[in-house]
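Welcome! Here is a guided walk through a protein model, one place at a time. Keep the structure open beside you as you read.

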Amino acid sequence: MSARHAPAAPEREAWNRDAVGWERWEPVLMHSLGSIDAPLFRALALEPGQRVIDFACGTGDPAIAIAQWVGRRGRVLGVDVSEGMLAVARRRARILRLPQLRFRRADMDRFRLRGPRFDRAVSRFGLMFAGDPPATLRSIARCLKPGGRLVVAVWGLNNPGPALRAEALRPLQEEPAADAATTPGPARFARPGVLERLFEQVGYRDVESEIVATCATHASLDDLVAMQRETSMRESFARLRADHKRRLQSRLRRLFRPFVDGRVVRVPGEARVVSGVRP
Ligand SMILES: C[S@@+](CC[C@H](N)C(=O)[O-])C[C@H]1O[C@@H](n2cnc3c(N)ncnc32)[C@H](O)[C@@H]1O
């Protein structure tokens, strides 16, 4: 998903358009984003029967895996601003027969519940898209029972994927790139300490942070480029004229070639899992 200065309505529309690509590339995306799941689940310290809320759950993760973990005595609510992404999440959940899992379309910046109902809250690669992260962290706190824990996964600094996508695009872009550290987008909380301090400012206690290595594996360079065209870089491609689209594709192929590893392309990455207890 490209970085956007976005109130929720354009954000929602953009993600609705991205949902087709997210479903088509689900095996690659879920494998890559799922590299974070073991440390994320360790930080969540889940138990059967718990109630968990997943903010910006997109096409259903980690809500689906959490629903399997907490079992039928538990309850899981997946929240996302995009009905397109949630439609994919519902299709996936239906096949897995998880009556304990529900989805709701809502903007995490303005999310309200009647009373604190959840033992755990989670957001995997979602909080960085919040319009107002401190307000979102406060809303999440209000959903948690006393002692409830929030666990968030964000991208870290050492990430060739987004860096090379930006480099591929740079000579073809007319407008200057937005500041990644202040704009909703994947690199929003990349700098260590930024999100951790925000947790503390909002009042979360026992804040912990872990750096985790990730890997995105693509069947070929052509697949890698096609996935970018249909997901993270869909909007950027849509804005370019035909010859610039072709140039962008060949620049991507060239920049990612060093990651060809035997028969596949493996792009390493770095993420952080940040957790804290409700203020
Ligand atoms: C990178 S995807 C992550 C999806 C999922 N958590 C995963 O790990 O596969 C980011 C998600 O954030 C959602 N999103 C963006 N802004 C939002 C907002 N203000 N409220 C709720 N969801 C939002 C998008 O619709 C998208 O599904």
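**A charge without a partner**

Glu270 is buried yet has no salt bridge, and the nearest side chain of opposite charge, Arg272, is 5.8 Å away. Before going further, please note that this is a predicted model. To find Glu270, look in strand S8, which covers residues 264-277. Why does the pair of Glu270 and Arg272 not count as a salt bridge? A salt bridge needs a side-chain nitrogen of Lys or Arg within 4 Å of a carboxyl oxygen of Asp or Glu, and Arg272 is 5.8 Å from Glu270.

What does the side chain of Glu270 meet instead? A polar contact of 2.7 Å joins the side chain of Glu270 to that of Asn158. Leaving aside residues up to four places away in sequence, Glu270 touches a set of residues that includes Trp155, Gly156, Leu157, Asn158 and Asn159, and also Ile211, Val212 and Thr214.

Let us turn to charges that do have partners. Side chains of opposite charge can pair when their charged atoms come close. How many salt bridges does the structure hold? There are 17 salt bridges. One of them joins Glu83 and Arg12, with the closest N and O atoms 2.9 Å apart. This pair links distant parts of the chain, as Glu83 sits in helix H5 (residues 83-96) and Arg12 in helix H1 (residues 8-24), 71 residues apart. Glu83 has a relative accessible area of 36% and is partly exposed. Arg12, at 27% relative accessibility, also counts as partly exposed.

Glu23 forms a salt bridge with Arg91, and here the closest N and O atoms are 2.8 Å apart. Are Arg234 and Asp18 buried or exposed? Both Arg234 and Asp18 are buried.

The next stop is the ligand. Which residues are the closest to the ligand? Of the 19 residues that surround the ligand, the closest are Ala56, Asp80, Asp107, Met108 and Arg124. A polar side-chain atom of Asp80 is 2.6 Å from an oxygen atom of the ligand. Asp107 has an N or O atom in its side chain that lies 2.8 Å from a nitrogen atom of the ligand. Val81 takes part through its backbone, with an N or O atom 3.2 Å from a nitrogen atom of the ligand. On its own the ligand has 600 Å² of accessible area, and the protein covers 97% of this.

Now look for Gln100, in the loop between H5 and strand S3 (101-105). Gln100 counts as buried because its relative accessibility is 4%. The side chain of Gln100 reaches the backbone oxygen of Ala67 at 2.8 Å. Among the residues that Gln100 touches, not counting those up to four places away in sequence, are Ala67, Gln68, Gly71 and Arg72.

For a contrast, visit Gly262, in the loop between strand S7 (260-261) and S8. Gly262 counts as exposed, at 67% relative accessibility. From C-alpha to C-alpha, Gly262 and Met85 are 33 Å apart in space, and they are 177 residues apart in sequence.

The last stops concern the backbone. Most residues other than glycine have a negative phi, and most peptide bonds are trans. The bond that joins Asp61 and Pro62 is a cis peptide bond, with omega at about 5°. Pro62 lies in the loop between strand S1 (51-55) and helix H4 (63-70). Ala45 has a positive phi, near 45°. This residue, Ala45, is in the loop between helix H3 (37-44) and S1, and with a relative accessible area of 38% Ala45 is partly exposed. Asp206 also has a positive phi, near 50°, but its place is in strand S6 (residues 205-218). Asp206 is partly exposed, at a relative accessible area of 49%.

Terms used. Residues are numbered from 1 along each chain as its sequence is written. This is a predicted model: local features need pLDDT of at least 70, side-chain atom pairs count only at pLDDT 80 or more; totals for chains, interfaces and linings use all residues. Side-chain values use heavy atoms; hydrogens and water are left out. Helices (H or I, at least four residues) and strands (E, at least two) are DSSP runs, numbered from the N terminus. Buried means under 20% relative accessible area, exposed over 50%, partly exposed in between (1.4 Å probe, protein chains only). A polar contact is a pair of N or O atoms within 3.5 Å; within protein, one must be able to donate a hydrogen and the other to accept it, and residues adjacent in sequence count only if both atoms are side-chain atoms. Contact means heavy atoms within 4.5 Å. A residue is near a molecule or strand if one of its heavy atoms lies within 4 Å of it. Accessible areas come from the Shrake-Rupley method with a 1.4 Å probe; for residues, only the protein chains shown count as cover. Lys and Arg count as positive and Asp and Glu as negative; His and the chain ends are not counted.
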